[in-house]
Amino acid sequence: MSKKNNSNKKNIDININDNENDLKLTEESKTSEESKTPEEPDDSETSGKKKRGFKKAVAEKIRHSYDLPIWKWLIIILVVSVFEGVLLEMLGRRSLLSPLVFIIHNPLVFVYNVLILYCTLSIGLMFKRRGFAMGLIFLLWFAVGFINFMLLGYRITPFSAIDFIMFTDVISMFNIYFNFWQRIAIVAGIIIFIIIIVVAFLKIPRIKGKVNYVQGAVVVLVSFVLVYIMTFLALENSLISDKFTNLGTAYKSYGFVYCFANSIIDQGISKPDEYNEAAMNSVMNDLKYAEKPKRHFQYKNNKKQMPDIIVIQLESFIDIGRVNNVTTDKESIPNFKKFEEEYPSGFLTVPAIGAGTANTEFEIVTGMNSKVFGAGEYPYKTILTETPCESMAQLLLREGYGTHAIHNNKAKFYSRDITYANLGFQTFTSLEYMLQFNRTETGWAKDDCLPTEIINALDYDPEPDFVFTISVQGHGRYPKTQLKCDEHVHVEVANEDEELAQELSYQFGYFVNQCYEMDQMILDLKKRLDERGDDYVLLLYGDHIPSLSFEEDQFNSGTQSQTEYVIVNNIGLDLEDRDMYAYEMSDYLMRGIGFEGGIMQKIHNRYYNDDPLVDNHEYHRDVLLAEYDMLYGDHFVYNYVQPYEKQDMRLGLYDITVKNMEYNAYSNSITVRGENFTPFSTILINDERQQTLFVDNTTLMIIPDDVDKMPEVDDEYCVAQIDKNKHELSRSNTKRYGRR
């Protein structure tokens with residue numbers, strides 16, 4: 001029994017020892033494995049894991065943010081709105097500190113601007129991609145603010161909604177305002193902006209589950225109502241205005257966000273509260289029984305004289321002597337100054353500063369006030385593209401005048417190729433229909449071609465003519481480097497900063513020398529008119545001051561909103577020197593000649609003798625009611641009938657015609673012969689545009705390198721006028737090759 005027990009005990013001891021040895025070996029093995037150096041991971045793999053981890057963390061943060069209570073989202077939107085409000089003001093004022101001055105002096109206006117941003121950003125609460133939607137809205141606001149920042153470097157007028165309509169016109173001036181590298185940077189910026197939006201759309205996560213549309217809608221609705229109420233209160237208390245006398249001043253006074261938003265919403269003329277048939281009948285009765293100022297025609301041999309009427313709107317043309325700190329070695333516009341001493345003249349208050357040519361033009365030719373339209377709106381680009389309008393041209397057509405428009409720039413600029421027909425012009429000669437012209441160093445056509453075009457228009461028919469001419473030579477951009485033109489006048493600008501003074505001297509020097517050449521053009525035209533021997537009236541005026549840097553108090557006479565005018569004539573016009581608004585000029589001019597004028601002229605006539613320094617509420621009310629009725633209303637002033645028609649306007653004075661097309665097999669060239677060709681004439685064969693060489697006004701060629709194949713019998717050919725943006729303006733007659 002004892003042996004057996006001893007044996008069992010021995011076995012147990014052996015097993016215990018074996019287990020201890022196994023445990024010991026296991027622990028040693030484990031220790032050995034732990035002591036081994038782990039394999040180092042690949043750097044790129046680690047970096048990739050970190051990036052994925054970062055992206056995942058950001059995505060998770062965004063997802064978690066979607067779970068935040070609505071009140072926290074409202075705080076986030078408020079913070080973002082305030083930040084963007086300050087950022088947009090910095091861009092709009094091109095300054096880091098000016099926005100702070102604006103906020104301190106106009107805290108309620110700034111809060112109102114922030115509230116508009118808040119309202120737009122809150123729309124993002126309605127989307128599954130909430131982060132993307134809010135980010136997109138933020139970026140869109142930033143984009144328009146940055147565009148405004150860029151534009152203010154080249155013009156005085158800030159960015160507004162109408163500039164979207166003007167997009168094609170802006171593209172046409174792209175090469176003038178921006179150098180090669182700037183154009184590359186702009187295109188690259190647009191591409192990057194689009195890429196950011198696409199990547200954000202793909203990467204930013206959506207809300208899991210359902211969107212609380214009711215909650216989001218309530219926030220949007222409440223913020224919209226707050227904007228609406230605050231708008232009403234701000235307008236009632238004159239904190240803001242919905243009618244901008246000057247767009248640049250409005251942006252500084254009322255903030256970028258409100259002004260830009262207003263330019264989107266406010267288009268055309270809003271229906272006046274007083275507008276109805278009774279109100280318009282009252283206006284017409286007042287005009288009927290109003291005292292009529294003196295009018296008289298000139299007579300020769302008992303025959304009423306109908307003088308030719310020529311109007312020239314001079315691009316950015318002013319007397320630089322009005323500007324302090326700018327000195328010249330001689331008079332910059334000697335002929336214009338001489339005419340001012342001899343003929344009726346004065347200051348003309350125009351609706352634009354540094355830009356906005358078309359609105360000055362609109363006021364002169366129609367007698368309408370452009371300020372009653374939307375903020376920054378150009379009626380030429382909106383209502384007048386579809387509606388015939390009372391104008392000097394329409395009125396003079398009824399008196400037996402021929403009506404012609406001339407502009408040494410492209411026909412489609414400001415939609416003049418459409419608008420002029422609605423204004424009553426029978427012909428329109430744009431740059432594409434001019435045979436000879438020179439260009440400035442910055443690319444604009446010089447005005448020395450205008451006298452020839454004006455005389456051609458006057459000689460076009462035997463009847464008296466109304467010739468409305470828009471010049472372009474004085475247009476910006478003005479170079480900031482060494483003077484790049486003939487220096488007729490030496491210009492210096494005084495400034496404490498010597499480097500800035502030099503830059504301004506270059507800019508002002510270029511501008512002043514363009515004005516000098518424009519002034520020489522005026523003298524040339526007057527000599528030609530005198531040589532013709534016919535009666536004439538020649539109105540000359542500047543459309544606005546140039547887009548140069550002017551201080552508020554830099555003008556020693558007149559204001560930034562004023563240019564000069566003079567009415568040169570050989571019929572002894574009995575007109576006093578008078579300062580006036582551009583929209584009053586048509587009445588002043590037509591009354592002086594002897595014409596009664598239309599509705600707008602009669603309204604200006606009625607209040608002609610009122611004190612110009614007194615803000616006449618009745619006058620402005622009548623102007624507003626009449627403009628709305630004629631363009632948007634029921635035509636009460638015309639007894640419900642639109643009396644004016646769109647003219648079948650000819651582009652160019654004379655038909656462009658083709659006579660024959662010849663193929664030279666020896667030289668492999670094609671020649672087209674005809675009449676009235678210009679450098680913008682392009683040969684079309686079977687409706688396909690050909691690379692065309694302008695030889696002269698009767699000959700065009702397709703040179704050998706550009707001839708793909710010889711023409712075949714019965715191929716159709718013609719000549720089209722193509723502008724530099726590849727728009728076809730008109731075509732000649734069509735002929736068939738190989739046939740007479």
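## A buried strand and its surroundings

Strand S11 is largely enclosed by the rest of the structure, because 8 of its 8 residues are buried. Here, buried means under 20% relative accessible area, exposed means over 50%, and partly exposed covers what lies in between (1.4 Å probe, protein chains only). Strands (E, at least two residues) and helices (H or I, at least four) are DSSP runs, numbered from the N terminus. The model is predicted, so local features need pLDDT of at least 70 and side-chain atom pairs count only at pLDDT 80 or more, while totals for chains, interfaces and linings use all residues. Residues are numbered from 1 along each chain as its sequence is written, and side-chain values use heavy atoms, with hydrogens and water left out.

The side chains of S11 can be followed one by one. Gln562, Glu564, Val566 and Val568 point one way from S11, whereas Thr563, Tyr565, Ile567 and Asn569 point the other way, and all are buried. In a regular strand, side chains alternate between the two faces of the sheet.

Which sheet does S11 belong to? S11 is part of an open sheet of 9 strands with mixed pairing, in the order S12-S5-S11-S10-S3-S8-S6-S7-S13. Two strands pair if DSSP finds at least two bridges between them. Strand S12 (580–581) and strand S13 (650–651) stand at the edges with a single partner strand each, so one side of each has no neighbour in the sheet.

On one flank, strand S5 (residues 345–349) runs antiparallel to S11 (residues 562–569), and 5 bridges join them. Phe347 has Glu564 in S11 as its bridge partner, and Gly346 stands opposite Tyr565 in S11. S10 also pairs with S11 in the antiparallel sense, over 5 bridges. In that pairing, Tyr541 stands opposite Tyr565.

Helix H15 (residues 334–342) lies across S5, strand S10 (536–542) and S11, and runs at about 70° to S11. Helix H19 (residues 450–458) touches S3, strand S6 (402–407), strand S7 (427–429) and S8, and its direction makes about 160° with that of S8. For these angles, axes are lines fitted to C-alpha atoms, for helices over the stretch in contact, and angles run from 0 to 180 degrees between N-to-C directions.

The loop between strand S3 (308–314) and strand S4 (326–328) holds Arg322. Is Arg322 buried or exposed? Arg322 counts as buried, because its relative accessibility is 2%. Leaving aside neighbours within four places in sequence, Arg322 is in contact (heavy atoms within 4.5 Å) with several residues, including Phe347, Gln562, Thr563 and Glu564. A polar atom of the Arg322 side chain also lies 3.0 Å from the backbone oxygen of Ser557. Asn325 lies in the loop between S3 and S4 as well, but Asn325 is partly exposed, with a relative accessible area of 48%.

Some backbone angles deserve a look. Most residues other than glycine have a negative phi, and most peptide bonds are trans. Asn325, however, has a positive phi near 70°, and Asn668 has a positive phi near 55°. Asn668 sits in the loop between strand S14 (657–664) and strand S15 (669–675), and counts as partly exposed at 25% relative accessibility. The peptide bond from Gly476 to Arg477 is cis, with omega near 15°; Arg477 lies in the loop between strand S8 (465–470) and strand S9 (491–493).

S14 and S15 belong to an open sheet of 4 strands, in the order S14-S15-S19-S18, with antiparallel pairing. S14 and strand S18 (693–696) stand at its edges, each with a single partner strand, so one side of each is left without a neighbour in the sheet. From one strand to the next, the twist averages 25°. Within this sheet, S15 and strand S19 (residues 699–702) pair over 4 bridges, with Val672 opposite Leu700 in S19.

Strand S20 (residues 716–722) and strand S21 (residues 728–731) pair in the antiparallel sense over 3 bridges. They form a hairpin with 5 residues between the strands, and Lys726 in the turn has a positive phi of about 70°.

Key. A polar contact is a pair of N or O atoms within 3.5 Å; within protein, one must be able to donate a hydrogen and the other to accept it, and residues adjacent in sequence count only if both atoms are side-chain atoms.
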